[in-house]
2 protein chains.
Amino acid sequence: MPDANGGSQDDPARRFMNLTQMVHWGAAANPNSIATKFQSRSVTWSSMKDRVARLAGGLRKLGLGVGDRVAILSLNGDRYTDYYFATWWAGGVVVPLNTRWTVSENIYSLKDSGARVLFVDDTFAGMTPEFLEQVPALVAIIYTGEGACPDGMLNYEILLRDSEPVEDSMRCEDDLAGLFYTGGTTGFPKGVMLGHRGLWFNGLIVSKACEIDTRSVVLHAAPMFHLADGCLGLATSISGGRHVYVPSFEPEAVLKTIEEEQVTHLLLVPTMIGMLLQHPSFSTDRVSTVKTILYGASPMPAGVLRLAMERMPHVRFVQAYGQTEMSPVVSLLPPEDHVFDTDASHRLASAGKAAIGCEVKILLENGAEASVGEVGEIVARSPGSMLGYWNLPDQTEAALKNGWVRTGDGGYLDKDGYLYIVDRMKDMIVTGGENVFSAEVESTISTVPGVAAVAVIGIPSARWGEAVHAVIVPQPGESLSEDEIIQYCKARIANYKVPRSVEFRSDPLPLSGAGKVLKRELRKPFWEAMDKSVS
Amino acid sequence: MPDANGGSQDDPARRFMNLTQMVHWGAAANPNSIATKFQSRSVTWSSMKDRVARLAGGLRKLGLGVGDRVAILSLNGDRYTDYYFATWWAGGVVVPLNTRWTVSENIYSLKDSGARVLFVDDTFAGMTPEFLEQVPALVAIIYTGEGACPDGMLNYEILLRDSEPVEDSMRCEDDLAGLFYTGGTTGFPKGVMLGHRGLWFNGLIVSKACEIDTRSVVLHAAPMFHLADGCLGLATSISGGRHVYVPSFEPEAVLKTIEEEQVTHLLLVPTMIGMLLQHPSFSTDRVSTVKTILYGASPMPAGVLRLAMERMPHVRFVQAYGQTEMSPVVSLLPPEDHVFDTDASHRLASAGKAAIGCEVKILLENGAEASVGEVGEIVARSPGSMLGYWNLPDQTEAALKNGWVRTGDGGYLDKDGYLYIVDRMKDMIVTGGENVFSAEVESTISTVPGVAAVAVIGIPSARWGEAVHAVIVPQPGESLSEDEIIQYCKARIANYKVPRSVEFRSDPLPLSGAGKVLKRELRKPFWEAMDKSVS
């Protein structure tokens, strides 16, 4: 019984905001609605609960204990949704791996997280022998593919069929729900620890912003390992909507699925919106069922947004700004701020206002709060604030203070509370929705024989938002080629991190008084040209 | 720093879902929007934060400590909104008193809650000498009225002006936020203990269901002491909308305020909707700005709903079913289920589906879960589940088990998850949105000389939903009159609890095997007639 001043989280009677609540609720409130539909399979919310409880039983049989990590490496599909809920139901912690990573990057994250079980689909099954060799903690691989189950793996449907349903672990509140790996400033990805409550809360605010309800059909078009799509997925489940999928983003497949499944909601990164609009078979008619498009994860070029609004005039556009460390939403630009050619259209260049339940402050270097219009570091606080970085207490302490997360992004607030991003303090490039930390690419290029100095920056790209660009100073007398650098990187880091262009210069890189490379100076000429082209 | 498995609520870094967050957020995200507008006063969200921090400073100066109770007895107005937030900011617990209570009922609640401070308006200032005499814990009365401040009270605006703003106490999560008194089955009101998180969560789900945002103008037409209006108020604040007020429900004032303030949202109990529609000056034009009407707190007669939908075809109607013990929402019937003359129109007789984040079960007397269509007691669980009844551990234990609240209402779920209420096990009458516990009225009537037995039931009323009706068996040879009974009650209990009609019979009341009055038998003839008239 709680005392007069309220109970504590450890009171078993006060354990709410378990992510599995969505499954219990779906089965009770919308038992006969379709929860997931992929290719020829569809599952009702009522069956979903049974499947999740069985799959959780399967995980327990494999020895999974409360708090143990369960990874997945897969393209999009209905079993990705099952995986999330079954892991939570069993008491586990999800570790969704980035589908663009190389084998060694995956191995790093599997080892770092200590994952005991891995779900893998057809596309990535070929990587698993190396995982098993190099990740001793990994005791089981569950094959979610459509073909014959490879040797040494467990067949997903058979595991599910042969397992008894178990009771929900009821992990909740600040219990660890997932490790979401994000590029690291030190060159290694960091596992962002997110709790049940934070993800639950994000699902609810995204559901509200996007107006998702039991009639919604939500397409997973962006990769499901990424929290941008992840929060829309949670918004779908928390609202009793229907999940539909394309394995990966491909414009014709997306358009076809929108038509066939009568999709009402989807998340797209700006690059994807551009590709969709440019696709020869795009037409307003084909996307007539779409009500809301949520976009974010990288800056939206004004030209693309204008075209999108012209070609899809019936769609509500919602922009989200956030980061994994915030589960992920920080701010939202609602449909009513999506207006061109009015007094308010400068707001389209903003990241919107702090989302409901989320507070944003701008801090100056001396720790003081910035005044209106003054640039500083964006810090944010919400129930979605991360629990910390996995096994990185120093980095956690640097980034998280009293529930406030330092985003590493520079920005300012205007007098009406709109947030404008002006710079990324963490020296990160956002390309096609993926975060690339310059330090990691620089660290790779610096090992090329003949490189004296290197700086990696993001430059404008109509297709990717930003493109990775390397500025290299060769050692005296050395001669290097762009192709040589690119091939060297391709062998070592994920393709999206590899520079799209390389520039050689004999002058030293511009340095600050403290001896740091002045990246702003390097970026300036590229972005000035960009500013002229969109204004 | 949280450990690898997440922090605990006592970790100061994990203290979220403080109700004052809405004020911090409003001031940051919507600084120049109007937060409250009442008569000639309007306050922006930016000023609101300053006012709340100052008023909290004033409460601290009066000696208010963390967890201390602060009561209010007032009609609706902007200062009611200030009161809620300032009390929470100061670390206090709100105790909103029912404006229909008699002096002795108020004294009971003030004493029971141990309130140290009372806010009072012009309408109720006259009651305070008796409060001061009989409630020794009460150290200060703050006068929120518009006239001259009575002797012995503190003037609201002067207190606010002369107090320094204080830091937010940051009470949150399961910290006690309010005691909401509800009729007691034993004849005494019980203080329902609600926490910050539960009220915060309810604000968010109501905001989503009603589609409230920064452009919304929300009218407090129902009494603000009641959580039905309270949760809409929280939904308004959490979404950065504007609060507007009428002091109490009066059809012409409501219509006039809707027109003048361009009201978009309001909560009405069914009785109020009926009165509005019947009002001679009602017209569809006058309510053209209204987007959503939330209704609930008592059963909606089908005829009234049909008329409302016909006369206000542009309005989204949302029905809420709940109770104070759930902060208060349990289930919602969304606009898309508001259809007549289709296969789905039987759903209009339901209380909708479990709200997002809320689970509903039907329990049989043996504790087993009912099957589809089977009637049992409705139990519910959500982050809004109460913390318990204030100082009533036995009643708490009976009503609250592992986060599940026994509603005392009988009902069933259909195969699609719709909840139908069939009976109130707590023997409660809902009249004009107020809950009347039969036991309390019976207890009063039983003290009338000459009464042998009495049963109080709810009978259908076109105006009030239900009306209080007393069935009395006089002692042999005694003669009693309806008027005598009504006058006796009026002197002792709030007007809305007083029987509207009295029936005398010489036969004994029908009893169950266990000797309990079979109220269903008494109610039957009244409700059968009703069923015929609306079907």
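Modeller: The interface between the chains comes first, followed by the elements around it.

This is a predicted model, where local features need pLDDT of at least 70, side-chain atom pairs count only at pLDDT 80 or more, and totals for chains, interfaces and linings use all residues. Residues are numbered from 1 along each chain as its sequence is written, while chains are lettered from A and ligands numbered from 1 in the order in which they are written.

Now the interface. In all, 54 residues of chain A are in contact with 54 residues of chain B. Contact means C-beta atoms, placed from the backbone, within 7 Å. Helix 1 (21-29), helix 7 (196-210), strand 16 (353-354), strand 17 (359-363) and helix 12 (393-399) of chain A each supply at least two residues of the side that touches chain B. Helices (H or I, at least four residues) and strands (E, at least two) are DSSP runs, numbered from the N terminus. Helix 1 of chain A gives the largest share, 5 residues. By class, this side of chain A has 21 nonpolar, 20 polar and 13 charged residues. Ala, Val, Leu, Ile, Met, Phe, Trp, Tyr, Cys and Pro count as nonpolar, Asp, Glu, Lys and Arg as charged, and the others, Gly among them, as polar. The copies meet through the same surface, because 100% of the interface residues of chain A are also interface residues in chain B.

Two residues show the detail. Gly417(B) sits in the loop between strand 21 (404-413) and strand 22 (419-424) of chain B. Gly417(B) is buried, with 26 other C-beta atoms within 10 Å. Buried means 20 or more such atoms within 10 Å, exposed 12 or fewer, and partly exposed in between, with C-beta atoms placed from the backbone. Neighbours within four places in sequence aside, Gly417(B) contacts Ala28(A), Ala29(A), Asn30(A), Pro31(A) and Lys353(B).

Lys353(A) belongs to strand 16 of chain A. Lys353(A) is buried, again with 26 other C-beta atoms within 10 Å. Residues up to four places away not counted, Lys353(A) touches Ser331(A), Leu332(A), Gly417(A), Tyr418(A), Leu419(A) and Ala29(B). Ser331(A) is 22 residues from Lys353(A) in sequence but 5.1 Å away in space, C-alpha to C-alpha.

In chain B, helix 7 (residues 196-210) packs on helix 8 (residues 227-238) at about 80°, with axes 7 Å apart. Axes are lines fitted to C-alpha atoms, for helices over the stretch in contact, and angles run from 0 to 180 degrees between N-to-C directions. That makes the two helices of chain B roughly perpendicular, a label for 65 to 115 degrees. Their contact has 9 nonpolar, 4 polar and no charged residues; among them are Leu199(B) and Val206(B) of helix 7 and Leu232(B) and Ile238(B) of helix 8.

Last, helix 8 in chain A. Just after helix 8 of chain A, Gly240(A) takes a positive phi of about 75°.

Notes:
Angles under 35 degrees count as roughly parallel, over 145 as roughly antiparallel, 65 to 115 as roughly perpendicular and the rest as oblique. Two residues are in contact if their C-beta atoms, placed from the backbone, lie within 7 Å.
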